Amino acid sequence: MSDDFLTREKQFFLNTYDRIPLNFSYGEGVHLITENGTKYLDFFSGLAVNALGYNHPAINNAIKKQIERFIHLSNYFVADVQIMFAQKIAGISGMSKVFLTNSGTEAVEAAVKLIRKIKGPDKTIFSLSHSFHGRTYGALSLTDRGKYKAGFQPLPPNTDIIIFNDINDLQKKITSNTAAVFIEFIQGEGGINEASKDFINKLFELKDHIGFAIAADEIQTGIGRTGEPFAFNHYNVEPDILLVAKSVGGGLPLGAILTKREYDNAFTPGSHGSTFGGNPVSCAAGLAVLNEIFETDLLSNVNRNGKYFINQLKEIQKMFPEYIKDVRGKGFMIGVELSRDCSTVVTELRKRNVLANCTNECVLRILPPLIATKTDIDFFLYNFHETLKTL
Ligand SMILES: Cc1ncc(COP(=O)(O)O)c(C=O)c1O
C-alpha cells in the first residue's frame, strides 16, 4: 500500500479509525486480495458481517435483481421483498413482529424507545458488565466498556450495570423497578464471554416473577454464527425482544428489532421510523443470506468445524501455556485469551496472510465466514502455531 493512500485517509477522514495498512482490490470466498495480488485468509469477516464470504453468487444475484426493480421506496409503501424478509426472520427466530433498521445501534435505540414506551421513563434498564451495544446515545448508555463512553456524558439516565454471570449481583439489583435487561448471550466486543446457564436461568426466573423485558442483542452472535440460529437457542429460553444486524444484510446495511408478546403492540404510527431502514436491496440480500444459511446444511458445517477449530486451539494452548490463558466460544465465534496484548499476534498473523481481530486488549477474536472449510481452518492453525513460536 502506498504511503499516499494512508496520508489521504488522514487528510479527508475524521480520526475515528486506526486503519490497517492494506488496500484490497477484491474478495472471493474466504479471501481478500490486495491491489498487488496478495491473498489474505479473512477470519475477521468484516467483524461478523460477511457470513457467506465475498462475491457470493446468491447475494450478488439477489441484489442485481432488486436493483432493476427499485432501490428505494418510502415507508408509505411496503415492498414484497421486505415482507418476505420479515416473515423469514420472524419464523427462524420464533418472534412475531419486526421493525427494520440500517444498523445494530439503531436496533438497540428502537428497543430502548419501545421499552420506555411500555415501562415508563423512571424504571431502570440494565445491561451487563463488559457489554457492547453500539455507539449512539441510547445504545452507549447500555454499553459498559468505559473507553467508548469517555468524554460523551451525560448519557440518557436510568440505566445500570449487572455484573456478567454474577447471580448475587443479579438478585441484588433486579427489583420491581426494573424495566429491562439487555444481554449478549455470548459477548463479542467484551472478549467472547459466554453467559453461564445458571445465570440465564436465574435471569429468566426473575423475569417470569417480576415482568421486565429481556432484550437479546444478537447483532454479533445471530444468524448462525454460534452454530445455532441465535445464541439464545443454546439456553432453551425465549427473549421478549431480539436485535439483529451485521451479517443479516449480506454486507449491505440492515438490522432489525423483533418482538413478541406484549411488546408487539407498543408502537403506533409515528412512534418510530427510518427513511432507509429495511431498504429493499438490503432485504433482498438478507433474504438470500437467510436462505443460504438456513435452507442448506451450513450450520452443521459451523458446528462440526467450530468444534474442530476450538479443540485444535486447545491443543496449541497445551504447547504454549505461557502465552494462552483460555480458548472459548461456540461455533465460529471463538476467543483465544492471551497472557499479553494480542496486537502483536494480530500483526504477525497478518504478515503470514491471515486476518483476525484483537478485542479487550488480550483476546484474539476469530470470526471466520460460516463457509470456511477445514482446510481454511488448518491454514489458520498452522500460521497461529508458527506465530506463537516467534514470540
Ligand atoms: C453486540 C453488538 N451490539 C451492537 C453493535 C452495534 O452495531 P452497529 O455497529 O451495526 O451499529 C455491535 C457492533 O459491533 C455489536 O457487536
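1. Let me begin with the pairing at one end of a sheet: S4 and strand S12 (residues 255–259) run antiparallel and are joined by five bridges. Strands pair if DSSP finds at least two bridges between them. Helices (H or I, at least four residues) and strands (E, at least two) are DSSP runs, numbered from the N terminus. Phenylalanine 99 has isoleucine 257 of S12 opposite.

2. Two ground rules for reading on. This is a predicted model, in which local features need pLDDT of at least 70, side-chain atom pairs count only at pLDDT 80 or more, and totals for chains, interfaces and linings use all residues. Residues are numbered from 1 along each chain as its sequence is written.

3. Now the sheet as a whole: seven strands form an open sheet with mixed pairing, ordered S4-S12-S11-S10-S7-S5-S6. Its edges are strand S4 (97–101) and strand S6 (159–162), each of which pairs on one side only. On average, neighbouring strands here are turned by 20 degrees against each other, direction ignored. Axes are lines fitted to C-alpha atoms, for helices over the stretch in contact, and angles run from 0 to 180 degrees between N-to-C directions.

4. Helix H5 (residues 104–119) packs on this sheet, and among the strands that H5 touches are S4, strand S5 (124–128), strand S7 (178–183) and S12. The direction of H5 makes about 30 degrees with that of S12. Contact between two residues requires C-beta atoms, placed from the backbone, within 7 Å.

5. Is S12 buried or exposed? Five of its five residues are buried, where buried means 20 or more other C-beta atoms within 10 Å of the residue's own, exposed means 12 or fewer, and partly exposed lies in between, with C-beta atoms placed from the backbone. Gly255, Ile257 and Thr259 cover one side, and Ala256 and Leu258 are buried on the other. S12 also pairs with S11, antiparallel, over four bridges, and leucine 242 stands opposite leucine 258 in S12.

6. A second open sheet has four strands in the order S1-S2-S3-S15, again with mixed pairing. Strand S1 (24–28) and strand S15 (354–355) have a single partner strand each, so one side of each is left without a neighbour in the sheet. Strand S2 (residues 31–34) and S3 pair antiparallel over three bridges, and histidine 31 has leucine 41 of S3 as its bridge partner.

7. Do look at phenylalanine 43, in the loop between strand S3 (39–42) and helix H2 (45–48). Phenylalanine 43 counts as buried because it has 26 C-beta neighbours inside 10 Å. Leaving out residues up to four places away in sequence, phenylalanine 43 touches Val354, Leu355, Ala356, Ile366, Leu367, Pro368 and Phe380.

8. Leucine 47 lies in helix H2 and is partly exposed, because 15 other C-beta atoms lie within 10 Å. Beyond its neighbours within four places in sequence, leucine 47 is in contact with Asn357 and Leu367.

9. Which residues come nearest to the ligand? Of the 14 residues around the ligand, they are Ser103, Gly104, Thr105, Gly134 and Gln220; a residue is near if its C-beta atom, placed from the backbone, lies within 6 Å. H5 supplies the largest share of this shell, three residues.
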